[in-house]
Amino acid sequence: MMRVRRPLQLRLAWLVLMISWGLFWSAAAPAESLRNVDLEWEQVEDATKYQIRIAPKSTEGSSPNSKTFKTNEPKWSGSLVPGLYTMELRSYDARGVPGEWSEPAEFWVKTPPPRPLSPAPNARERSNEDETYTTQFKWQAISGANLYRLEIESHDGAVKMTKEVTAPEVSVELPVAKVYRWRVYGIMANQEPGEIPEAWQRLTLMGAPLERPNLQKPLTKYVQELAWEPTKHAAGYDYVLERRTAQGWKPVERKRGIKASPLVFDLGNPTGTYRAKLQAFAPLREKSKITEMEFEVRGGIRSPAALEEAQLRDSLERPSHIYYIASYLITQIAYTGVDRESNAVASFSALGGTGRLGLGYQNDQSPWGTFGIVDLSGFDLGGQRYTFAAMEVDGTYKQYWGKAQILYGAGLFLKQLPDLRGSEATGFTGLGKIQNYGPSAGVQMWRPLSTRLGFQVHLRVYASMFGSAPNGQAVTTAISLQTGILGTYRLNSQMMGYAGYVYREDNSKYDANPFSDSHPESFADSGDVNSVKIGGHYLNLKLEYSY
C-alpha cells in the first residue's frame with residue numbers, strides 16, 4: 001500500500017487501492033463506474049475523532065455537492081466515481097469540539113484500465129500482406145474516460161506509436177513480421193490519464209510467406225558458382241546439393257543459414273547431373289517454397305588454365321537442341337531498276353528495314369543440323385510503302401577450328417523483289433514483284449573471347465535460277481549475297497544478343513519483251529534483260545534464344 005502524508009495544516013493522504021464494484025456516492029451512479037478508495041492522514045495528537053468532507057470538482061470549479069463523514073481513526077474508505085475531488089479535514093478534541101477545516105486538497109480517482117478484448121492475449125495473427133497489415137484493437141468501454149489512449153511498441157524498437165480515440169476500438173496499420181506489446185487506458189478531464197496498466201498485451205503479427213528464390217542456371221557446364229536473385233525480406237537460405245546416381249539422387253552438400261548469393265561450387269566435383277535445392281527463410285514469415293534446379297556439370301578440373309580452355313569450348317555449344325532467332329536490319333537502301341523495254345532506269349534511295357524470325361535444330365552430339373528463316377523487308381517511297389518477303393531452309397554442318405566454331409549451310413530459298421518504274425520527278429509506279437527461287441550456301445564463324453563476349457563473321461550467297469516476272473517472261477540467273485560481322489554477348493544461359501554491321505545486295509534479272517507486233521512500244525532487242533538491284537549497309541540487331 002502506498003501512503004502519502006502531509007503536514008498537519010493538511011495532513012491528508014489518499015490512495016486508490018483496487019478496482020471494485022460497489023455502491024456509494026450517488027444512487028444514480030452505475031455500480032461498474034465506482035472504485036474503492038482508501039484515504040489516510042497523520043494522526044492528530046489528542047484527537048478523538050475526525051471529520052472528512054469530500055466534494056467532486058469540475059474543470060470549472062468546486063461543486064456544492066459534498067459529503068461529510070466521521071471516523072474514529074485517521075483513515076477513511078469508500079467508493080467514488082472516477083474524477084477530480086477535493087477533501088477537507090478537521091479533528092475533534094476530548095470535549096467533542098471540532099477544530100478548523102483544513103485547506104481543500106485535490107485528488108484524482110483514476111479510471112480503471114479497460115479490459116482488452118481484441119487481439120486476444122498473446123495473439124499470433126497471420127496475414128498475406130508483404131509490408132503492412134491493418135489490425136483491429138478493441139477493449140471494454142469505461143465510465144469517466146473522455147478519450148482512450150492506445151500505446152503500441154515493437155520489441156525491436158522500430159515502431160512506437162500512440163493513438164487517442166473516443167470509441168473503444170480502433171484500426172491500426174502496422175508493419176508485419178514483428179512482435180508488439182500494447183496497452184490502453186482512459187484519459188479523463190484536463191487530459192489526466194487514468195490508471196495505466198503495468199502489464200502489456202503481446203501481439204505477434206506474421207508476414208506473408210516468402211517468395212520462392214529464383215536460381216539462375218549456370219552459363220556453362222563448368223560451374224564455379226550458383227547464384228540467385230535475392231528474395232525480398234529473406235534473412236537467409238537453406239541449400240542442398242544432390243548428384244544423380246544409378247540409385248537415385250545422392251546428397252553432396254548441405255548448408256544452412258546462407259546469407260547471400262552466390263555460393264561457390266567445387267569444380268572438383270565429378271562430371272554428372274546435379275540438382276540444387278534452395279529455400280528462403282525469415283523471422284515471423286513462413287518459409288518459401290523450395291526451388292529446385294537440375295544442371296549438367298563437367299567437373300574434375302584442377303587448374304585455372306584448363307578451366308578457361310574448357311569454358312571457351314563449352315560456350316560454343318548451345319544449351320539445348322532447339323533455338324529461335326529474332327532480328328532486325330535497318331538501312332538507307334539504294335535501289336536501281338533497269339527496264340530495257342522502256343529504255344529507262346529507276347534509281348533512288350529510301351529508308352528501309354528487314355524483320356526476321358528463325359528456328360533451328362542442332363544436336364550437340366552431332367555435327368549436323370537444320371535452320372529456317374522467314375523475313376519481311378520494306379521501304380517507304382513517295383508516301384507509299386513497298387514490302388517484299390523471303391524464306392529459306394538450310395541444312396548445317398559444324399566443325400571446330402582452334403577456339404572457333406565454323407558452321408556451313410546449304411539449302412533452298414524463295415525471295416521477292418519489287419519492280420518499280422519512274423523517277424523522282426515523275427513519281428514511281430510499282431509493276432509487281434519478281435519471284436526468285438534457287439539454291440543458297442554460306443559459312444559462319446563464331447569465336448568466343450570469354451564465356452560472355454565473342455564475335456561472328458558470316459557470308460551467304462543466293463543464286464536465283466527460277467521464278468516469274470511481272471512481264472510474264474522467265475527469270476534468269478542472278479547472284480545475291482549477304483556478309484557481315486557481329487559482336488555477341490551472352491545475356492544468360494539461354495539467350496545470346498548480337499549487334500553489328502551487315503552488307504546485303506539482292507539482285508534479280510528477267511528477260512525483256514523485245515520489239516514485235518505484240519510489243520510495238522518496246523525498245524528491247526532479243527536477249528535483253530531487265531534487272532533490279534537493292535543494296536544497303538545495315539545495322540543488324542539479333543537475339544537468339546535456346547529452348
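Me: In which loop does histidine 233 lie?

Reply: This is a predicted model, in which local features need pLDDT of at least 70 and side-chain atom pairs count only at pLDDT 80 or more, while totals for chains, interfaces and linings use all residues. Residues are numbered from 1 along each chain as its sequence is written, and side-chain values use heavy atoms, with hydrogens and water left out. Strands (E, at least two residues) and helices (H or I, at least four residues) are DSSP runs, numbered from the N terminus. On that numbering, histidine 233 lies in the loop between β18 (225–229) and β19 (236–245).

Me: What is phi of histidine 233 near, and is the residue buried or partly exposed?

Reply: Most residues other than glycine have a negative phi. Histidine 233 has a positive phi, near 75 degrees. Buried means under 20% relative accessible area, exposed over 50%, and partly exposed in between (1.4 Å probe, protein chains only). Because its relative accessibility is 30%, histidine 233 counts as partly exposed.

Me: What is the phi of leucine 284?

Reply: Leucine 284 is in the loop between β22 (272–281) and β23 (291–297). Although leucine 284 is not a glycine, its phi is positive, at about 60 degrees.

Me: Which residue does a cis peptide bond join to proline 262?

Reply: Most peptide bonds are trans. Proline 262 is placed in the loop between β20 (248–258) and β21 (263–264). Here omega is about 0 degrees, and the residue joined to proline 262 by the cis bond is serine 261.

Me: Where is the place of proline 119?

Reply: A cis peptide bond, with omega about 0 degrees, joins proline 119 to serine 118. The place of proline 119 is the loop between β9 (116–118) and β10 (123–125).

Me: With which side chain does aspartate 38 make a polar contact?

Reply: Aspartate 38 is found in strand β2 (residues 35–40). Its relative accessible area is 16%, so aspartate 38 is buried. A polar contact is a pair of N or O atoms within 3.5 Å; within protein, one must be able to donate a hydrogen and the other to accept it, and residues adjacent in sequence count only if both atoms are side-chain atoms. At 2.7 Å, the partner of the aspartate 38 side chain is that of serine 77.

Me: Leaving aside neighbours within four places in sequence, which residues are in contact with leucine 381?

Reply: Leucine 381 lies in strand β26 and is buried, because its relative accessible area is 13%. Its C-alpha atom is separated by 8.4 Å from that of leucine 351, 30 residues apart along the chain. With contact taken as heavy atoms within 4.5 Å, the residues are Phe348, Tyr386, Leu420 and Phe428.

Me: Against which strands do the buried residues of α1 pack?

Reply: The expected span of a helix is 1.5 Å times one less than its number of residues. The 12 residues of α1 should therefore span 16 Å, and the end C-alpha atoms are 16 Å apart, which agrees. Leu307, Ala310, Gln311, Leu312, Asp314 and Ser315 are buried in α1. The buried residues of the helix pack against β29 and β33.

Me: What volume has the largest cavity?

Reply: On a 1 Å grid over the protein atoms alone, a cavity is a set of points where a 1.4 Å probe fits but cannot get out, and a pocket is an open set with protein on both sides within 12 Å along at least five of seven lines; lining residues have an atom within 4 Å of a point. Grid points are joined across faces, edges and corners, and a volume is the space filled by probe spheres set on the points. The count is eight cavities of 30 Å³ or more. The largest cavity has a volume of about 450 Å³.

Me: Which strand gives the most to the lining of the largest cavity?

Reply: This cavity is lined by 27 residues, with Phe371, Gln444, Gln456, Arg460 and Lys542 nearest its centre. Strands that each supply at least two lining residues include β24 (322–339), β26 (368–381) and β35 (529–546). The most, five residues, comes from β30.

Me: Which strand supplies the largest share of the lining of the largest pocket?

Reply: The largest pocket has a volume of about 490 Å³. Its lining comprises 26 residues, of which Lys217, Lys221, Glu296, Pro319 and Ser320 lie nearest the centre. The largest share, three residues, is supplied by β23.
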